[in-house]
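Colleague: I am new to this structure. Please take me closely through its aromatic pairs and the nonpolar packing around them.

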Amino acid sequence: MDTKTLAELDYFRIREKIAGLCLSQEGKDGLLAREPFLNPSQYESLKNLSREWALCFSSSRDLSLKAWPPVEGLFAVMKTNGARLEVQELYALGVFCQNLSQIKEKISSSADELNLKSLDSLCQKLPDLSAAESQIFKVVDKDGSLKDLRELREIKSAILSLRREIEGAFKKIISDPAFAKSLESTLPVVRNDRQALAVKSSERSKIKGIVHEVSNSGQTVFIEPEEAVRLNNELVQKEFELESAIRKILAEVTASLLESTPAFEEALPLMVRLDVTQAAARWGMENDCSCALPLKEGEAPILLQARHPLLKDKAVPIDIKFMDSKRVLIITGANTGGKTVAIKTFALFSMLNQSGFPIPAAEGSRLPCFDSVYADIGDEQSIDASLSTFSAHMKNIALALNNATNKSLVLLDELGSGTDPLEGSAIAMSVLDSLIERGSFVLVTTHHGVLKNYGWSNPVCCNASVEFDTNNLRPTYRLLMGIPGESHALEIAERSGMEKAVVQKARSYIQSQAADVSELIKGLNKKHLELDRLLQKANESQERAEAASLKNEEKEIKLRRREHDFKAAQSKEESAFLREARRKLENLIRELKEGEVTREKTLAAKEFKEAMAAAENVHSEILEAEEKNLLRDEEKFEQKKNSHKSNKATKAKTKNSEALKTATPTLAPRKSVQEEKALFAEGAKVHSIATGAEGLLLRKEKDDLWLVQFGALKVKARQSDLRLEQSPQAKKNIPAWQYVSQQSERSDSDRPAYELRLLGFRADEAVKALQKQIDLCVINGLDHFSVIHGKGTGALQEAVQNYLKACPAVREYSFAPAEDGGAGKTYVKLSS
């Protein structure tokens with residue numbers, strides 16, 4: 001990419017802002033060196049990582065990467081024989097190792113819940129540096145200082161003792177009355193890195209020692225007493241021993257890290273990739289950005305609600321839409337209306353997108369991959385180079401014509417200006433003809449009326465204009481696609497203070513033909529605004545209808561959920577009764593075996609027991625099938641509701657997490673309602689769709705609800721959950737949908753669960769969820785439920801039991817029987 005063009009687009013200013021959010025020096029340096037990629041796979045992978053970082057930031061957990069000191073320059077030292085790293089350098093490597101292991105664990109633990117596929121895949125590539133981390137923190141403390149090691153303790157103790165003796169020697173002289181008149185000061189001073197006493201020059205003979213310095217006036221000499229000289233010499237020797245011991249320890253640790261050097265070199269680029277994508281995600285969140293979608297075959301580029309990031313709050317969102325098969329956009333309209341900003345915004349966003357950065361635009365924006373960008377923007381007149389305004393324009397345009405391809409983006413600001421309007425228009429049309437032949441994407445701004453007509457007549461061109469408020473004589477900075485605009489030069493001149501007489505005279509010079517064109521453009525603008533209003537009303541009516549439909553569907557699903565939960569509660573009570581009856585029956589069979597009974601009676605008892613068990617299983621399977629179907633419908637409803645929200649891209653920005661949702665499978669088409677009703681009749685054999693259990697239709701209870709005999713059990717089932725025996729493929733085509741239902745303390749449900757699942761919760765989260773469950777039970781009149789907490793380490797089980805013991809609303813609680821979960825499940829009964 002041309003550096004000069006990128007600078008004109010303010011690409012480097014945005015890149016610098018993003019780099020400032022990096023946590024490491026290596027990450028910042030890497031971002032500051034980045035330029036747009038030419039391979040979509042390179043920047044799409046970076047955008048996927050940034051999308052997932054945005055999900056991490058929206059989570060209640062701390063899933064962010066932490067900062068680390070620069071480490072890249074230390075790898076060469078680690079590979080050099082005999083070299084040693086300093087304490088702060090070892091500490092930098094230790095912090096790097098800590099951050100690596102922490103982010104790897106954080107992402108791995110949340111990958112499934114938040115759908116962090118790209119981040120988890122990247123983190124799994126991080127090598128294990130735990131051995132190096134252990135070696136470093138054996139000698140370096142967590143605050144970056146050297147630890148109080150056993151090898152150094154004796155030397156440090158000797159140094160401390162010597163310093164105390166030196167201090168005592170000085171105190172002895174200072175406190176001696178015989179030397180009171182000889183000293184200039186009662187405090188020792190440092191001269192030539194040695195402690196000394198300030199002694200009057202006339203009294204120097206009274207204190208024996210070494211003179212280190214004489215004052216400028218010659219009145220004071222600085223003497224180190226003899227006793228202190230001996231002690232200071234010993235201190236210097238001990239300090240040298242300490243430094244030698246520290247150097248030896250650091251050299252040994254450095255040598256021990258030699259084996260880990262390849263792992264460090266492998267880990268750093270991966271950590272830098274995490275850092276730069278996290279910085280891009282943070283910048284994206286600060287500027288309300290989204291990631292542009294890749295442009296597929298046959299699609300046209302589009303920017304929705306685009307805002308130039310350097311304008312901040314002053315930016316007016318604009319939509320830039322290339323129509324199908326159109327590759328040239330000609331923007332006209334008033335001066336200061338935002339034409340140049342519009343084309344620069346499109347080019348800048350394209351370059352940011354190809355750098356793997358999010359863009360300040362709404363979800364649904366699509367951008368292609370350009371191999372180069374050429375721009376002729378502004379006035380590059382140069383006196384030194386004898387370059388006029390027109391010559392400068394021609395030089396830039398010639399560069400584009402000589403190098404542009406069908407994958408290039410060309411920006412031409414004020415095309416055809418700076419010379420005779422007739423000749424300028426001719427050159428402009430010729431330039432556009434040449435670029436159209438090459439198939440380049442071109443964005444043009446102009447005031448030439450001839451180019452407006454060129455845009456109408458050429459099939460690969462489309463017109464656009466910046467809107468102008470004729471009432472207030474001010475530009476609105478909105479971009480209107482499909483129609484050309486007026487320059488409004490006279491209105492702007494009048495608003496800028498030009499005399500009305502001069503403006504009126506100028507109007508009189510405008511030819512009638514030009515006035516007719518102006519009126520035509522005004523009429524087109526009015527029609528465009530009227531069409532916008534009609535479309536807006538139609539969209540609002542459609543949204544209201546869809547919202548009402550969704551609300552009714554939600555009510556139906558909630559009613560079905562309540563009905564199913566009531567059945568499930570009844571089923572649990574019946575199952576408990578059946579289990580108890582089965583246990584009694586087993587005892588009875590044992591007693592019969594011990595007495596004198598016939599073989600036929602024993603077989604009959606066994607058959608009765610097996611029939612009871614089969615009936616219980618069929619009932620459970622029916623309930624499970626209803627639960628699966630209900631979950632399926634709830635899932636489809638949520639997807640439908642989310643899809644309805646995502647269609648409002650121009651009104652509310654869609655969350656980044658929706659861009660990561662996978663496609664849902666499509667069910668096979670059903671028979672018509674009339675055909676099914678004709679086949680279902682009393683006495684017909686049916687199969688449960690979910691379990692395959694065979695049953696017999698007894699009678700129709702109400703619309704779409706039948707009483708069905710499954711073995712020894714009679715249950716009510718929906719017609720949509722049954723399949724007729726007549727279908728030969730019924731048993732082969734049983735769907736096997738799997739759903740995972742998770743509850744949390746943050747659920748907005750207003751009904752209690754009959755079985756509260758706390759697996760995977762922390763103790764504090766589990767207690768909050770249990771507290772909410774009991775509150776909902778009291779409100780809804782449910783006097784019993786069960787809690788699945790698992791066994792595990794016992795921490796979750798203990799937290800649940802402790803809360804239940806202290807809760808006044810709980811009448812009693814106990815572990816479930818072994819066949820229903822045992823110590824991993826607790827039955828709870830509430831006070832009535």
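Modeller: Here is a walk through the aromatic rings and then the cores.

This is a predicted model, where local features need pLDDT of at least 70, side-chain atom pairs count only at pLDDT 80 or more, and totals for chains, interfaces and linings use all residues. Residues are numbered from 1 along each chain as its sequence is written, and side-chain values use heavy atoms, with hydrogens and water left out.

Start with the rings. The structure holds eight aromatic pairs. Rings of Phe, Tyr and Trp (its six-membered ring) pair if their centres lie within 6.5 Å; planes under 30 degrees apart count as stacked, over 60 as edge-to-face and the rest as tilted. Take Phe75 and Phe264. Their ring centres are 6.0 Å apart and their planes meet at 40°, so this pair is tilted.

The pair links distant parts of the chain. Phe75 sits in helix α5 (residues 75-78). Phe264 sits in helix α11 (residues 261-286). Helices here are DSSP runs of H or I with at least four residues, and strands are runs of E with at least two, numbered from the N terminus.

Buried means under 20% relative accessible area, exposed over 50%, and partly exposed in between, with a 1.4 Å probe and protein chains only.

Now widen the view. Phe75 and Phe264 form one aromatic cluster with Trp68 and Phe96. Phe96 is in contact with Trp68, Val71, Leu129, Phe264, Ala267, Leu268 and Met271, leaving aside its neighbours within four places in sequence. Contact means heavy atoms within 4.5 Å.

Phe96 also has a place in the largest nonpolar core, which has 114 residues. Such a core is a set of buried Ala, Val, Leu, Ile, Met, Phe, Trp, Tyr and Cys residues joined through side-chain atoms within 4.5 Å. Leu93, Phe96 and Leu274 touch the most other members. Helix α11 gives the most to this core, with 13 residues. A second, separate core has 19 residues, including Ala404, Leu412, Leu415 and Val444.

Last, two charges over rings. Lys142 lies over the face of Phe137, at 4.0 Å from the ring centre. Arg327 lies over the face of Phe441, also at 4.0 Å from the ring centre. A charge sits over a ring if NZ of Lys or CZ of Arg is within 6 Å of the ring centre and within 35 degrees of the ring normal.
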